[in-house]
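Below is a note on this model, in numbered points. Please read it with the structure open.

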Amino acid sequence: MTTSNYATERETTEGKVFTVTGGDWDEVVSGTDPINDERIVVNMGPQHPSTHGVLRLVLELEGETVREVRSVVGYLHTGIEKNLEYRNWVQGSTFVTRMDYLAPIFNETAYALAVEKLLGITDDITERATTIRVLMMELNRISSHLVWLATTGMELGAISIMLYGFREREYILDIFESITGLRMNHAYVRPGGVAQDVPDDAIVKIRKFLAMMPKRLKEYEDLLSGQPIWVERTRNVAVLDVTACLALGVTGPVLRSAGLAWDLRKTMPYCGYETYEFDVPTHPDGDVWGRYQVRLAEIRESLKLVEQALDRLKPGPVMVSDKKIAWPAQLAIGVDGMGNSLEHVAKIMGQSMESLIHHFKLVTEGFRVPPGQVYVGIEAPRGELGVHAVSDGGTRPYRVHYREPSFVNLQALPAMAEGGLIADVIAGGASLDPVMGGCDR
Amino acid sequence: MTEGNQNTGGVPVPVNPAGASTGAPAEYPPASPAGRGMFGIHGTGDVSGFGGLVRQRKPIEETSRPYGGYFDEVRDALEEAYPEFGDAIEKVVVDRGELTIHVRPERIAEVCQVMRDDMALRFELCSSVSGVDYLGADERRLHVVYQLTSMTYRRQVRLEAAVSVENPHLPSVTAVYPTADWQEREAYDMFGVVFDGHPALTRILMPDDWEGHPQRKDYPLGGVPVEYKGAEIPPPDRRRSYQ
């Protein structure tokens with residue numbers, strides 16, 4: 001026995017100390033896989049400022065490199081589609097507006113278009129109502145893209161753009177408030193038209209906004225486009241080409257940033273978009289930088305559309321003339337601050353019992369929609385927003401399904417982020433612009 | 001119901017309540033659990049008589065040719081490219097300017113493959129996959145609805161496949177359209193339709209340990225009564241309803 005099988009020992013002032021060496025430890029250490037051994041799993045979210053709400057990403061990391069991304073959604077599921085089946089068709093717009101809370105007008109318009117198609121009154125919608133819808137949608141697109149710019153800027157470390165983006169968006173919300181009465185969740189676009197006419201002071205505000213916005217856009221570009229950090233964080237990051245976009249069903253600015261000019265306003269027009277003059281911006285690279293460029297250009301195109309819509313606003317009714325669908329009174333703000341129509345109240349309470357019955361039935365029971373199903377797709381700020389509405393002939397929706405672009409587009413995140421750096425998960429995820437209220441519904 | 005009453009186009013037809021001596025509305029039994037009134041009234045509480053009405057569902061009928069528009073071209077192209085057309089396609093319906101092709105559930109993935117790859121069809125994008133529960137219509141009450149978009153020809157087609165609750169299986173189309181992944185998971189989550197061949201068919205919106213499929217028509221909405229200024233407002237599915 002020349003060498004000891006036991007650990008060497010020596011005496012110190014604290015007592016006996018054993019030094020453990022030898023054995024097969026060297027082999028054990030060399031046998032481990034240095035790569036897999038270092039893999040860690042990180043939960044990003046659901047409470048994380050960079051995940052745009054309650055999105056949870058389970059990341060498998062190898063150092064700073066992302067090996068696997070699994071997105072977990074559903075934290076904001078509120079059962080809006082199920083709830084719609086227990087309310088009448090008009091009440092539905094109050095619910096759907098709360099889905100994608102950054103683009104409420106789009107949710108409402110898609111719903112209204114679907115119900116109108118079911119009713120077969122698509123051609124009866126007045127010109128003024130359609131123009132107001134276009135006007136509101138394009139303003140909403142600008143405000144949604146501004147929030148995208150603001151939050152993405154913040155997530156990539158540019159705090160100023162966050163403040164500026166939200167400041168301009170607040171201006172649009174002011175316009176919405178003076179038109180609909182609410183900053184968000186308007187329930188303004190109703191089946192048959194819009195809830196009320198656009199007041200004159202809102203037109204003045206919109207004109208001011210149109211004059212101000214191009215300068216502000218220039219400011220954003222001065223802040224970001226030439227800035228080396230912004231360029232480094234966005235160029236060639238989270239690339240998704242046209243093939244990947246189509247396979248994964250990604251539409252909207254992300255698809256256009258890959259070079260395909262697919263915009264439902266041009267390709268399958270609705271609300272008379274074919275009569276407006278505007279371009280569909282694209283970018284060849286398919287990276288976060290491209291999406292930034294496309295969204296900024298889309299804000300400019302939307303400004304053009306808002307201006308054209310304003311010029312087209314001719315006085316006229318904003319609801320269909322069919323009294324079986326249109327609610328009887330155009331409301332005005334009364335002395336108590338509540339919406340009311342004294343003229344109408346005087347008529348139903350004093351003169352016409354039949355009008356009272358008709359009003360009561362229309363509000364409590366609602367109108368009947370002939371049985372059948374339709375699908376209507378519109379171009380929301382995030383992509384194709386589709387409504388599949390089914391009626392069984394009753395006063396309530398039988399089934400309404402929303403094809404939410406946030407939900408569908410989020411599937412592309414693993415394809416964008418796997419193999420990249422963890423910081424680029426943030427940039428890639430932000431560039432998809434997911435809104436969890438819409439995604440989870 | 002007689003034949004003549006079947007074709008009412010969604011307009012409700014009154015039915016005589018079982019055990020009622022007269023046709024008076026007050027004697028109608030509650031049409032649903034929602035029959036109880038808001039003000040403590042028993043019975044329907046509804047003097048309009050609407051509470052006793054039962055809706056007649058009109059069966060979906062095949063549309064005869066010509067359909068008009070591009071619909072004929074789509075059908076011809078599919079018939080030519082897909083030899084088993086007669087076996088796989090149940091009926092073709094054109095309604096409100098939209099084309100719906102009802103497909104046998106076990107053939108849906110094959111049909112999607114042809115719809116995507118054939119040069120005359122080219123439905124590159126699967127816009128939406130969702131479910132509808134036609135409770136009480138027939139045995140196969142769960143319908144899966146696929147919205148396909150052809151970007152090349154700017155056309156839209158709806159495919160519909162119906163399965164029963166007892167055997168809710170149909171092949172997954174994720175191999176043809178990867179975008180159907182999450183949407184099939186949602187349809188499974190909400191309706192309990194099982195897509196065979198899906199890479200990971202788990203719940204997506206509801207919690208993993210949830211029981212039941214909430215969007216089915218026999219799944220209650222739920223909710224609690226709310227007190228407001230001394231009065232109790234029942235949850236939405238228990239309020240007085242007008243069908």
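1. Start with one residue pair. In strand S4 of chain A, A:Leu57 is the bridge partner of A:Met44. S3(A) and S4(A) pair in the antiparallel sense, over six bridges. Pairing here requires that DSSP find at least two bridges between two strands. Helices (H or I, at least four residues) and strands (E, at least two) are DSSP runs, numbered from the N terminus.

2. On provenance: this is a predicted model, in which local features need pLDDT of at least 70 and side-chain atom pairs count only at pLDDT 80 or more, while totals for chains, interfaces and linings use all residues. Residues are numbered from 1 along each chain as its sequence is written, and chains are lettered from A and ligands numbered from 1 in the order in which they are written.

3. The sheet around that pair is open. Its three strands run in the order S3-S4-S5 of chain A, with antiparallel pairing. Strand S3 (39–44) and S5 of chain A are the edge strands, and each pairs on one side only. From one strand to the next, the twist averages 20 degrees. Helix H17 (residues 422–432) of chain A packs on this sheet and touches S4 and S5 of chain A. The direction of H17 makes about 150 degrees with that of S4(A). Such angles run from 0 to 180 degrees between N-to-C directions, and axes are lines fitted to C-alpha atoms, for helices over the stretch in contact.

4. Next, the domains. Chain A divides into domain 1 (8–69) and domain 2 (79–323 + 367–419 + 424–433); the bounds come from an automatic or database domain assignment. Their centres, taken over C-alpha atoms, are 45 Å apart. Nine residues from domain 1 of chain A and ten residues from domain 2 of chain A make the contact. Residues are in contact if their C-beta atoms, placed from the backbone, lie within 7 Å.

5. Which elements give two or more residues to the domain 1 side of chain A that touches domain 2? They are strand S4 (56–62) and strand S5 (65–72) of chain A. S5(A) supplies the largest share, four residues. By class, this side has four nonpolar, three polar and two charged residues. Ala, Val, Leu, Ile, Met, Phe, Trp, Tyr, Cys and Pro count as nonpolar, Asp, Glu, Lys and Arg as charged, and the others, Gly among them, as polar.

6. A further open sheet of chain A has three strands in the order S10-S11-S12, with antiparallel pairing. Strand S10 (372–380) and strand S12 (399–403) of chain A stand at the edges with a single partner strand each, so one side of each has no neighbour in the sheet. The twist averages 15 degrees from one strand to the next. Five bridges join strand S11 (residues 383–391) of chain A to S12(A). A:Val390 stands opposite A:Arg399 in S12(A).

7. Now a helix pair. The axes of helix H7 (residues 200–224) and helix H12 (residues 288–312) of chain A come within 11 Å and cross at roughly 160 degrees. That makes H7(A) roughly antiparallel to H12(A). The contact residues divide into ten nonpolar, no polar and three charged.

8. Last, the chain interface. Chain B gives 34 residues to the contact and chain A gives 40 residues. On the chain B side, S5(B) gives the most, with six residues. That side has 14 nonpolar, nine polar and eleven charged residues.

Technical notes
Two residues are in contact if their C-beta atoms, placed from the backbone, lie within 7 Å. Angles under 35 degrees count as roughly parallel, over 145 as roughly antiparallel, 65 to 115 as roughly perpendicular and the rest as oblique.
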